[in-house]
Amino acid sequence: MNDNSVIETNETQPIARICGEPLLEIPQDLYIPPDALEVFLDTFQGPLDLLLYLIRKHNLNILDIPMAELTQQYMTYVEMMRVDQLELAAEYLLMTALLIEIKSRMLLPNPKTETEEEHDPRAELVRRLLEYEQMKHAATRINELPQAGRDFSVIQIWVEQQAAVQLPNIGMDDLRNAWMAILTRAKINRHHQIKRETLSVRAYMSQVLRDLRGRDQVEFYDLFAPAATVAEVVVTFLAVLELVKELLLEISQSLDSGIIYVRSIDAAQSA
């Protein structure tokens, strides 16, 4: 009696619930759309992907493929496709024909001559499968690498900063040539009147600093008056060298024109 009660209990279990109401039996007018149980093969990346999936799923040896079993499994998947999916299955059907051809060649006797070596009809298919598997593993490893936008975000920060213009350092030969040109100009303006001049290097150092005050930079030649005597030119040049030695002046040269510039260190730092 206990068994009968159990059977009666099982029979009263609903097969489904719709809006909370139990459904005890399948309706006779239940309509199932034709495409409700449709199987798509586009989850595979192509015929080779499907073949490799079947080989791994059924633990087949890829170097010794049982063509009868593999062909049967492959055709089972392809036959799941509907007629309206024939366009999608075109390349799969082509692989089906290739599998049937290989299977037929293995069933037929293959007499070999003395000059011909035995050829396995599966060799080309095995080679393609192994190459595809290697490429698939490589693609998987690449996909595991961190990718911008998927695994991390790229942040860009713009910092407005004006870099200081670095003029090239002046060479000794250029400074010497400029000095010789100024000395030559002073000799041209030399007077024949003989007199004794008392010139102070310190006084000329102060004069050079006054000439540079409020100015970014001046040309080296502008520090020497066109009518200056040789003695004045020499003292002015010594004053410039002393100011450079005491780190009060900076001498640089333009890359384009080769002009030598002189500016005070205070002006260079404020720029």
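**Salt bridges and a helix crossing**

The side chains of Arg127 and Glu131 form a salt bridge, with 2.9 Å from N to O. This is a predicted model. Both residues sit in helix α5, four residues apart, or about one turn of the helix. Glu131 is partly exposed, at 42% relative accessible area.

Arg127 has another partner. Its side chain also meets that of Glu124 in a salt bridge, at 2.3 Å from N to O. Glu124 and Arg127 lie three residues apart in helix α5 (residues 123–144), so about one helical turn separates them. Glu124 is partly exposed, with a relative accessible area of 43%. Arg127 is partly exposed too, at 37%.

Why can such pairs form? Side chains of opposite charge can pair when their charged atoms come close.

Now move to the strands. Glu250 and Arg263 meet in a salt bridge through their side chains, at 3.0 Å from N to O. Glu250 belongs to strand β4 (residues 249–253) and Arg263 to strand β5 (residues 260–264), so the pair ties together parts 13 residues apart in sequence. Glu250 is partly exposed, at 30% relative accessible area. Arg263 has 12% relative accessibility, so this residue counts as buried.

Shared partners join Glu124, Arg127 and Glu131 into one salt-bridge network. The count of salt bridges comes to eight.

Next, look at two helices. The axes of α2 (residues 47–57) and α3 (residues 67–79) come within 10 Å and cross at roughly 125°. The two helices are therefore oblique to each other. Their crossing is right-handed. Residues in the contact include Leu50 and Tyr53 of α2, and Leu70 and Tyr74 of α3. By class, the contact has nine nonpolar residues, one polar and one charged.

Notes:
Residues are numbered from 1 along each chain as its sequence is written. This is a predicted model: local features need pLDDT of at least 70, side-chain atom pairs count only at pLDDT 80 or more; totals for chains, interfaces and linings use all residues. Side-chain values use heavy atoms; hydrogens and water are left out. Axes are lines fitted to C-alpha atoms, for helices over the stretch in contact, and angles run from 0 to 180 degrees between N-to-C directions. Angles under 35 degrees count as roughly parallel, over 145 as roughly antiparallel, 65 to 115 as roughly perpendicular and the rest as oblique. A crossing is left-handed if the near helix is turned anticlockwise from the far one by less than a right angle, and right-handed if clockwise. Contact means heavy atoms within 4.5 Å. Ala, Val, Leu, Ile, Met, Phe, Trp, Tyr, Cys and Pro count as nonpolar, Asp, Glu, Lys and Arg as charged, and the others, Gly among them, as polar. A salt bridge is a side-chain nitrogen of Lys or Arg within 4 Å of a carboxyl oxygen of Asp or Glu. Buried means under 20% relative accessible area, exposed over 50%, partly exposed in between (1.4 Å probe, protein chains only).
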